[in-house]
Structures are given as structure tokens and as C-alpha cells.
Amino acid sequence: MAFSSGSSSSSMSDMNVTPLVDVLLVLLIIFMVTAPMASHEIQVDLPQQSRTPPEQLKEPPPPVRIRIEANGGIFWDNQPMPRAAVQASMMLEATRDPQPLIELETAGEAQYQTLTEVLTMAKNSGLEKIGFVETL
């Protein structure tokens with residue numbers, strides 16, 4: 001016990017190390033059990049060096065800016081365009097390699113339905129690079 005019943009005036013300053021040794025032994029056993037599992041070999045397939053040079057990347061075409069006005073008008077690179085012509089132009093741009101980035105800019109008061117129609121046309125045309133431009 002840590003307390004003595006004697007009448008001596010000196011205090012007992014010995015620390016009980018038994019719980020500390022118990023905890024350390026438990027941790028030692030845990031590490032001994034888990035160490036073989038942690039040293040298990042993992043198969044990794046690393047890329048091999050190629051003798052052929054990589055294909056030269058093509059210069060990306062300039063982006064195409066499509067602006068949707070509040071009244072529902074659609075502008076293709078600052079040129080007003082009817083919806084049928086926008087669809088045809090999108091199909092033409094989708095065949096280019098690499099495809100240009102389509103930047104969509106909408107007025108704050110533009111109808112959501114018009115934006116949805118333009119996005120549907122872009123998806124149906126096969127365009128993959130579509131970005132939204134923030135207007136200030």
C-alpha cells in the first residue's frame with residue numbers, strides 16, 4: 001500500500017510502477033502481434049521507361065464565348081445568333097481536335113430555362129469542355 005499507518009513524520013515518496021509496467025507489457029504484446037502484418041509486401045506496378053517520345057500536344061484553340069442576355073438572346077463570340085445556328089455551331093466545334101473551351105456567360109436576369117437549353121445543346125453536340133464565366 002502507498003500509505004503507512006506508522007507514526008513517522010516522513011512522507012512516502014515511492015511511486016507504484018506496477019500499473020505502468022502492466023500497460024507497457026500490453027503495448028509490447030500489441031506491437032509484437034501487429035508488426036508482422038505491417039511488414040507485408042505490397043505489389044506495385046511502376047511505369048516502365050518508354051523508347052518512343054511522347055506525342056506532342058496540340059495547341060488548344062481559342063475559347064468560344066456564349067453569352068445569354070436577359071431577354072433570351074444568345075451571342076456567339078459577341079455575334080447574335082439564333083438557337084438553330086448555335087446548335088449547328090456547337091456540333092461543328094465538337095468535331096474539332098482538341099475541342100475548344102466553351103465559356104458560358106449569363107446576365108443576372110436571364111431565364112434559367114434558356115441556360116438549360118444551351119447546356120442541353122452542348123451536351124447533345126458532344127462538347128466536353130464547358131466553363132461558366134462570372135460577370136461583374
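Arg65 and Glu105 form a salt bridge in which the closest N and O atoms are 3.1 Å apart. This pair joins distant parts of the chain, with Arg65 in strand β1 and Glu105 in strand β4, 40 residues apart. The model is a predicted one, and the points below are grouped by topic.

**Salt bridges**

- Across the whole structure, a search finds 5 salt bridges.
- Arg65 also forms a salt bridge with Glu103, and here the closest N and O atoms are 3.1 Å apart. That pair too links distant parts of the chain: Arg65 lies in strand β1 and Glu103 in strand β4, 38 residues apart.
- Arg65 counts as partly exposed because its relative accessibility is 30%, which lies between the cut-offs of 20% for buried and 50% for exposed.
- Glu103 has a relative accessible area of 18% and is therefore buried, the limit being under 20%.
- Glu105 counts as buried as well, because its relative accessibility is 16%.
- Arg83 forms a salt bridge with Glu117, with the closest N and O atoms 2.7 Å apart. The two residues belong to distant parts of the chain, Arg83 to helix α2 and Glu117 to helix α3, 34 residues apart.
- Arg83, with a relative accessible area of 35%, is partly exposed. Glu117 is partly exposed at a relative accessible area of 28%.
- In general, side chains of opposite charge can pair when their charged atoms come close.

**The sheet**

- The strands form an open sheet of 5 strands in the order β3-β2-β1-β4-β5, and the pairing is mixed.
- Its edge strands are β3 (79-81) and β5 (130-133), each of which pairs on one side only.
- On average, neighbouring strands of this sheet are turned by 30 degrees against each other, direction ignored.
- Strands of a sheet pair through backbone hydrogen bonds, in either the parallel or the antiparallel sense.

**Strand β1 and its partners**

- Strand β1 spans residues 64-68 and is mostly covered, with 4 of its 5 residues buried.
- With strand β4 (residues 102-106), β1 pairs in the parallel sense over 5 bridges. Within β4, Glu103 stands opposite Arg65, and Leu104 stands opposite Ile66.
- With strand β2 (residues 74-76), β1 pairs in the antiparallel sense over 3 bridges. Trp76 is the bridge partner of Ile66 in β2.
- The hairpin of β1 and β2 has 5 residues between the strands, and Gly72 there takes a positive phi near 100 degrees.

**Helix α2**

- Helix α2 (residues 83-94) lies across β1, β2 and β3. Relative to β2, helix α2 runs at about 35 degrees.

**Helix α3**

- Helix α3 (residues 112-125) has 14 residues, and the distance from its first C-alpha to its last is 20 Å, close to the 20 Å expected at 1.5 Å a residue.
- Which residues of α3 are buried? They are Thr114, Leu115, Val118, Met121, Ala122 and Ser125. These residues lie on the same side of α3 because they cover an arc of only 120 degrees around the axis.
- An α-helix has 3.6 residues a turn, so residues three or four places apart point the same way.
- The buried residues of α3 pack against β1, β2, α2, β4 and β5.
- On the face of α3 turned away from its buried side are the exposed residues Tyr112, Gln113, Lys123 and Asn124.

Notes:
Residues are numbered from 1 along each chain as its sequence is written. This is a predicted model: local features need pLDDT of at least 70, side-chain atom pairs count only at pLDDT 80 or more; totals for chains, interfaces and linings use all residues. Side-chain values use heavy atoms; hydrogens and water are left out. Buried means under 20% relative accessible area, exposed over 50%, partly exposed in between (1.4 Å probe, protein chains only). Two strands pair if DSSP finds at least two bridges between them. Axes are lines fitted to C-alpha atoms, for helices over the stretch in contact, and angles run from 0 to 180 degrees between N-to-C directions. Contact means heavy atoms within 4.5 Å. The expected span of a helix is 1.5 Å times one less than its number of residues. The arc is that of the directions from the helix axis to the C-beta atoms. A salt bridge is a side-chain nitrogen of Lys or Arg within 4 Å of a carboxyl oxygen of Asp or Glu.
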